[in-house]
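Here is a short tour to read alongside your viewer. Have the sequence and the model open, and let's start with the ligand.

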Amino acid sequence: MVTLEQFLVDRQQEFEGATGAFSKILRDLSLGAKLISFYLRRASLSGLLGEIGLTNIQGEAVQKLDHLANTLFIRLFSQNPHVAGLASEEEEHILPTDPHGKYVILLDPLDGSSNIDVGVPVGTIFSIYRRITPVGSPCEEKDFLQGGRAQVAAGYILYGTSTLLFYTTGQGVHGFTLEPAAGEFLLTYPAVRMPEKSQYYSFNDNQLHEWEPGLQRYIQHLRTQNQTAEKPQSLRYVGSLVADVHRNLLKGGLFFYPGTVKKPEGKLRLLYEGYPMAWLVEEAGGKASNGKMPLLDVPATKIHQRTPLFLGPAADMETLHSFLNPHVVVEKT
Ligand code: P6P
């Protein structure tokens, strides 16, 4: 049994600087995860379901647990000397914390929270960068807009049938399960690889009529393939990004949330949903794109910018791109 703390100590050299900063940041993330998991599992017993009557920067109703998770992580990272600042889905602007911190963190504190009332798993998503502005001064927005390939760590916490923490620092994807009896995350998924063959495909087709024609043709291709396949792929979509991506990461499957005619940028946020998920999937052997280019190469211009997101096994992504960009020769991986 390897605890998350021990795992981090054993692999400290993998995280640049090896100063122990990452261990302390991940320790705060795991403490936040344990507390959120505790409150989530009692939400309907303790009046924590429902909305607080506010609307966030995204124009979405703020759930009580969104507010709790956001406040909790702000408190935790505000007292961490390695963190120079935060950006959160729930906050319009960046939140500078310790000017002597060397890292900045982007967070979706509780993604998919509208599912809480119906018992569908929800998650926390995080993305960590080394700041580029001088240590000793307050962090600035440009620290958060370095682009997906500049991430130094990324991951998610899934509050599902168990509480799982998955992360990467560029040395593979490693997963841990919370053992409530010990209050520790234990290593349960070392060196995760996404299966090359998909069992599932995942999307919400309520706007299919607004999708680009190549994508509609790809859906038809999937369904035609299923008619003769020995093991037809199943549609699985719970409408909670962490849960949908986690299932497809472990079992193999294509997930996408495309743009539409009215909303070409789609719904999901690039910096604290797209980039971390794309890096995790690439580190596990899959691919992620915005339909046109690798997602990690999509330039970051605004903290809350949105992006179409496609991710899945490399071979399935190659087939998808052949439908989306029929005139582009897709390099054989
Ligand atoms: P739709 C949850 O609100 C979320 O941001 C993601 O977790 C999820 O993947 C997506 O929206 C679901 O959106 O339009 O299918 O309900």
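## Around the ligand

Which residues are around the ligand? In this predicted model, they are Asp111, Gly112, Asn204, Tyr237, Gly239, Ser240, Leu241, Tyr257, Lys267 and Arg269.

For Tyr237, an N or O atom of the side chain is 2.5 Å from an oxygen atom of the ligand. Leu241 uses its backbone instead, with an N or O atom 2.8 Å from a ligand oxygen. Asn204 has a polar side-chain atom 2.9 Å from an oxygen atom of the ligand.

## Helices H5 and H6

Leu241 turns up again here, as one of the H5 residues that meet H6. Helix H5 covers residues 241-251 and helix H6 covers residues 270-283; their axes are 11 Å apart and the packing angle is about 10°. H5 is therefore roughly parallel to H6.

On the H5 side, Leu241, Val242, Val245 and Leu249 take part, and they meet Glu273, Met277 and Val281 of H6. By class, this contact has 6 nonpolar residues, 1 charged residue and no polar ones.

## Helices H2 and H3

Now for another helix pair. Helix H2 (residues 21-41) and helix H3 (residues 64-78) cross at roughly 155°, and their axes come within 10 Å. The two are therefore roughly antiparallel to each other, and their crossing is right-handed.

The H2 residues in this contact include Ile25, Asp28, Gly32 and Tyr39, while those from H3 include Leu65, Ala69, Phe73 and Phe77. The contact divides into 15 nonpolar, 1 polar and 1 charged residues.

How values were computed. Residues numbered from 1 in each chain as written. Predicted model: local features only at pLDDT ≥ 70, side-chain atom pairs only at ≥ 80, totals over all residues. Heavy atoms only, no water. Axes fitted to C-alpha atoms, helices over the stretch in contact; angles between N-to-C directions. Helix = DSSP H or I, 4+ residues; strand = E, 2+ residues; numbered from the N terminus. Parallel < 35°, antiparallel > 145°, perpendicular 65-115°, else oblique. Contact = heavy atoms within 4.5 Å. Nonpolar A, V, L, I, M, F, W, Y, C, P; charged D, E, K, R; others polar. Left-handed = near helix turned anticlockwise from the far one by under 90°. Near = heavy atom within 4 Å. Polar contact = N/O pair within 3.5 Å; in protein donor to acceptor, adjacent residues only side chain to side chain.
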